[in-house]
Amino acid sequence: MRKKTLRYLVPCMAMALCSIGFTSCSDDDEGGVPSGPSITFGGENLMSVDDYIFWYDGNGRCYKVSDGWNDDVVEIDYETGMIRSDDLGTEMNISFNSKGYITSLSASWNLNEDGEKYSGSGKWTFSYNGSGQLTGEKINSKESYSSEYEAYDYSITLNTTYKWEGGNLMSGSTRMDAKEDGDEYTMTDDFTVSYDETLENPHRQFPRVFYKLFSNGLTDSYLHLFGMVGMFGVGPENLPESYEDVFEEEGYEPEHFSGTVSYGLNADGYFDWERINGYRYDYVYDMPNVGGGQKKLAPGTRQGMSAGKTGHWVRDMFMRYRDRK
């Protein structure tokens, strides 16, 4: 199964996470759950980017994200340090460093449905340098499965390294190694970014194109949307203008992807719109709503929560690679 179809076959999750302003941190800079507001843009919150909607609590923290149809909703409970899906049936632990950047997600699962038993665990960690730039990601997960007809033991190790130069993210390299009962296979995804060095990113915002590149065929998740509200540290000094992406899987020819990017800035120097391969994404900001909840939505969106997930969303995150076989 190829990268182009993976997004339609494996459920993705909207991870509702908050973050603190763009300040430096290191990957061993431990902290507690953020108690203050999320990053603001000239005193305003980022309320939506195209159809993705960001929700805030009474402390100004982003606690939920949904799309324009109110699907893929996930909430964070800052009191317990847990993230839960809309059906509240499964949860994951979440950890931050002292600057409010996410440092890890972890979970385990035990499912028994119609004679099929799944038992597993997974952890996803993030690292940063002293300038507050995201430098790496790592996923480790394993699962044992049994039914009347088959059984397997499966494990995954995934490593991503991001390279920054002159304040700009220049490339990312991901390698995934999987094992199932002694059989091994590998997938890789590598991207490069070019910049218009005459165009400054005044407030070091995280552009949406980074979400497109980070959530590639190996780490396909809405989680990376939250760089746009600061949870992945600082963005680039300049504005990206193009990218190249190569995806490789054993037994298949490499797949090549490329695109162009352009921007419009508002009077305060924040993103007004971002155009990726000709499609325009509008940014909507509004004053923080101290009373909590959503104050303003982008055109064409509606409020409310979706009907819920199947209870498999945690497993889907860590076992998507096994299920694509």
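How many helices and strands does the protein chain have? In this predicted model, the protein chain contains three helices and 16 strands. Buried residues account for 55% of its 325 residues. Among contacts in the protein chain with a separation of 6 or more, 61% are between residues 24 or more positions apart. The chain exposes about 13800 Å², of which carbon and sulfur atoms supply 45%.

Strand β15 continues the pattern with strand β16 (residues 279-286), to which it is joined by four bridges, the two strands running antiparallel. The hairpin of β15 and β16 has two residues between the strands, and N277 takes a positive phi near 50 degrees.

The largest nonpolar core comprises 76 residues, of which L46, F54, F214, F232 and F318 touch the most other members. The most residues in this core come from strand β10 (residues 151-165), which gives six. Leaving aside neighbours within four places in sequence, L46 is in contact with F41, F54, Y56, M228, V229, Y283, V284 and Y285.

Is E143 buried or exposed? Because its relative accessibility is 2%, E143 counts as buried, the limit for this class being under 20%. Its side chain makes a polar contact of 2.9 Å with the side chain of Y152. Not counting residues up to four places away in sequence, E143 touches W109, Y118, S119, G120, Y152, D153, Y154, R315 and M319.

Salt bridges in the model number six. One of them joins R175 to D177, with the closest N and O atoms 2.9 Å apart. R175 is partly exposed, with a relative accessible area of 44%, and D177, at 29% relative accessibility, is also classed as partly exposed. In another, the side chains of K179 and E184 meet at 4.0 Å, N to O. K179 counts as partly exposed at 46% relative accessibility, whereas E184 is exposed, with a relative accessible area of 56%.

A further salt bridge is formed by the side chains of R204 and E237 (4.0 Å, N to O). This pair links distant parts of the chain, the two residues being 33 residues apart: R204 belongs to the loop between β12 (183-200) and α2 (208-214), and E237 to the loop between α2 and β13. R204 is partly exposed at 23% relative accessibility, and E237 is likewise partly exposed, with a relative accessible area of 35%.

Conventions: Residues numbered from 1 in each chain as written. Predicted model: local features only at pLDDT ≥ 70, side-chain atom pairs only at ≥ 80, totals over all residues. Heavy atoms only, no water. Pairing = 2+ DSSP bridges. Buried < 20%, exposed > 50% of the residue type's maximum accessible area, 1.4 Å probe, protein only. Polar contact = N/O pair within 3.5 Å; in protein donor to acceptor, adjacent residues only side chain to side chain. Contact = heavy atoms within 4.5 Å. Core = buried A, V, L, I, M, F, W, Y, C linked by side-chain atoms within 4.5 Å. Areas by Shrake-Rupley, 256 points an atom, 1.4 Å probe, with all protein chains shown as cover.
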